[in-house]
Amino acid sequence: NGRFVSNEVLLVIAGYDEINSGKDIAVPFEAPVCIDSFASDKNRRVYRIGYSSMEEYSENVYRCVRKSSWAFDAVALVFRVMGISAGKNIPLSRLVDELPEFNIVSRTVFSPSALSKLASALNIRAGVDTQGLRKNTGEGFITVTRTGAGRLIRIIAEAKNIEAAKEICAEAEKKINGDTI
């Protein structure tokens, strides 16, 4: 119906379908966190994979990545979602409407700091994953990852409403760019 559907929304549609089929899935580290909540409710696992070497993952995770190739390839993802739409005989707009409400705001910013310093600035106490940082803020989630383009990082905020997502993202950007690092 003319609405823009983001890659993140397509990932959630495909992820939900796979989980509803009783499968564990592998998704990129920065994929929406709402997938994890849904998987947990269905007693399924979501493996969050970075773009580094697959050598650090077990054979079980590697098999899951191969079966979830749609999550790592935009063209495969589009075909996967088209297949879901055709198989259920419902339009994409209805697939989108059936998702739980989640909103994502992202920004790419310059940061000369290492992820460990960013973790400190964002008050993330958990171990620093080599792929990025993630924190539940109470209002939503903040994810910080390197872009692979020099010292640029991507801040991704996810919340049930767009205002909260914008606020989470702006607060993280302020902390990252502030004197706290």
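Predicted model: local features only at pLDDT ≥ 70, side-chain atom pairs only at ≥ 80, totals over all residues.
Local features required pLDDT of at least 70 and side-chain atom pairs pLDDT 80 or more, whereas totals for chains, interfaces and linings use all residues. Residues are numbered from 1 along each chain as its sequence is written, and side-chain values use heavy atoms, with hydrogens and water left out.

Ten salt bridges were found in the structure (a side-chain nitrogen of Lys or Arg within 4 Å of a carboxyl oxygen of Asp or Glu). One of them joins the side chains of Glu 8 and Arg 154, at 3.3 Å from N to O. This pair links distant parts of the chain, 146 residues apart. Glu 8 lies in helix α1 (residues 7-20) and Arg 154 in strand β6 (residues 152-159). Helices (H or I, at least four residues) and strands (E, at least two) are DSSP runs, numbered from the N terminus. Glu 8 is buried, at 19% relative accessible area. Arg 154 is partly exposed, at 23%. Buried denotes under 20% relative accessible area, exposed over 50%, and partly exposed the range in between (1.4 Å probe, protein chains only).

A salt bridge also forms between Arg 44 and Asp 24, with an N to O distance of 3.0 Å. Here, too, distant parts of the chain are linked, 20 residues apart. Arg 44 sits in the loop between α2 (34-41) and β2 (46-49), Asp 24 in the loop between α1 and β1 (25-28). Arg 44 is partly exposed, at 28%. Asp 24 is partly exposed, at 25%.

Arg 94 and Glu 98 pair at 3.2 Å, N to O, in a salt bridge. Arg 94 is partly exposed at 42%, and Glu 98 is partly exposed at 47%. Finally, a network of salt bridges links Asp 17, Glu 18, Lys 23, Arg 80 and Lys 88.
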